[in-house]
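Have the sequence and the 3D view ready as you read.

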Amino acid sequence: MPIVTAAEDLVVDDVYVDLRSVLGRELYLKCENFNFAGSVKLKAARSMLDDAERSGVVTADSVLVESSSGNLGIALAMLAASRGYRFVCVIDPRANPGVRRMVESMGGEVVLVTQLDETGGYLGSRIRAVQELCEANPDHVWLNQYANPENWRAHYRHTAPALVRQFPSVDYVFIGAGTTGTLMGCARYLRDLAHKAKVIAVDTVGSVTFGGAAGPRFLPGLGTSRRPELVDEAVVDEVVMQDERAAVRMCHRLAGRGFLFGGSTGTVLAAAERYLKDLPDDVTAVAISPDLGDRYLDTLYDRSWVEERFPGCLSPLRRAPRHELQKTFV
Ligand SMILES: Cc1ncc(COP(=O)(O)O)c(C=O)c1O
């Protein structure tokens, strides 16, 4: 068992769920939530901050500032607390209320942006607010997760090597695209290894990252209303666009087996299930899960929130009969 002294030192890279009991076929889910920030974003946050400290961009008196509607904000709040920096997190009204409370609980400050940008989203307004804060305050440093190469390098150095160590002959890797840090890092690692695995990017319908039309999206984590600087389609084998209704259903299906995952995990798995349907049973597939569902109790796991945004999507939580489960596990 690891013993840590700093919150940031717990990085768990070797937990997988075999989803046969839920999907009826082999698919391994790499869980990125087992750290004190509760998500995959700890890796990007640590890598960006380490690099900024090494290069002298961040010094002892710096104030970290970032635009995040969720996990990166929490990860940076944790790192800032661990290393003794002030941290300002710019969020918007769509951020989960728990995010604000978690950031503030760890001593971070929150700036709420309420003005919609020209695309009808908030990302542009949040980025403008960050830029204004940095212009007005020379000690403020923006790590900029959308453009910072240390975001993808974290996954090149850690996530992808861990995955290949566990599944050396993996055939398909399914990765959700937000800033595309996880996707780019893993895809570049596999390409540089000349590995046979196909990298399948999963994005949400309504996201503009891969050239689609902007549209409403409700699940945080995946998709953008402004193309992230990090994205490079050339290193990805295929892009699968996934609608959020099936993602919500997938989350509820998983919850019915005791796996309470976040919305982006449901999106990636809904896409993976669809993609794998026509492939032989013996392909080895791995999907990456960015976080758990406890952050989304007031949204994804709240019946009225779901009913309002995804009418007709709810079904009673279905428990598998015991004899069915026992069959799965023999
Ligand atoms: C819940 C969740 N899923 C997926 C992602 C996407 O990861 P990336 O930004 O590496 O593309 C994020 C990023 O913040 C996230 O918080």
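## The ligand and its surroundings

In this predicted model, a polar backbone atom of Gly-178 is 2.7 Å from an oxygen atom of the ligand.

| Residue | Atom of the residue | Distance to a ligand oxygen |
|---|---|---|
| Gly-178 | polar backbone atom | 2.7 Å |

Of the 390 Å² that the ligand exposes when taken alone, the protein buries 93% (areas by the Shrake-Rupley method with a 1.4 Å probe). The ligand is surrounded by 14 residues, each with a heavy atom within 4 Å of it. Lys-41, Gly-178, Thr-179, Thr-182 and Ser-264 are the closest. What kinds of residue make up this shell? There are four nonpolar, eight polar and two charged residues, where Asp, Glu, Lys and Arg count as charged, Ala, Val, Leu, Ile, Met, Phe, Trp, Tyr, Cys and Pro as nonpolar, and the others, Gly among them, as polar.

## Helices that cross

Now turn to helix H2 (residues 41-54); helices here are DSSP runs of H or I with at least four residues, numbered from the N terminus. H2 packs against helix H3 (residues 71-83) at about 50°, their axes 8 Å apart, and the two are therefore oblique to each other. H2 also packs against helix H6 (residues 149-166), at about 115° and with the axes 8 Å apart. That pair is therefore roughly perpendicular, a label for angles of 65 to 115 degrees, while angles under 35 are roughly parallel, over 145 roughly antiparallel and the rest oblique.

## Reading the numbers

Residues are numbered from 1 along each chain as its sequence is written. Local features need pLDDT of at least 70, side-chain atom pairs count only at pLDDT 80 or more, totals for chains, interfaces and linings use all residues, and side-chain values use heavy atoms, with hydrogens and water left out.

Notes: A polar contact is a pair of N or O atoms within 3.5 Å; within protein, one must be able to donate a hydrogen and the other to accept it, and residues adjacent in sequence count only if both atoms are side-chain atoms. Axes are lines fitted to C-alpha atoms, for helices over the stretch in contact, and angles run from 0 to 180 degrees between N-to-C directions.
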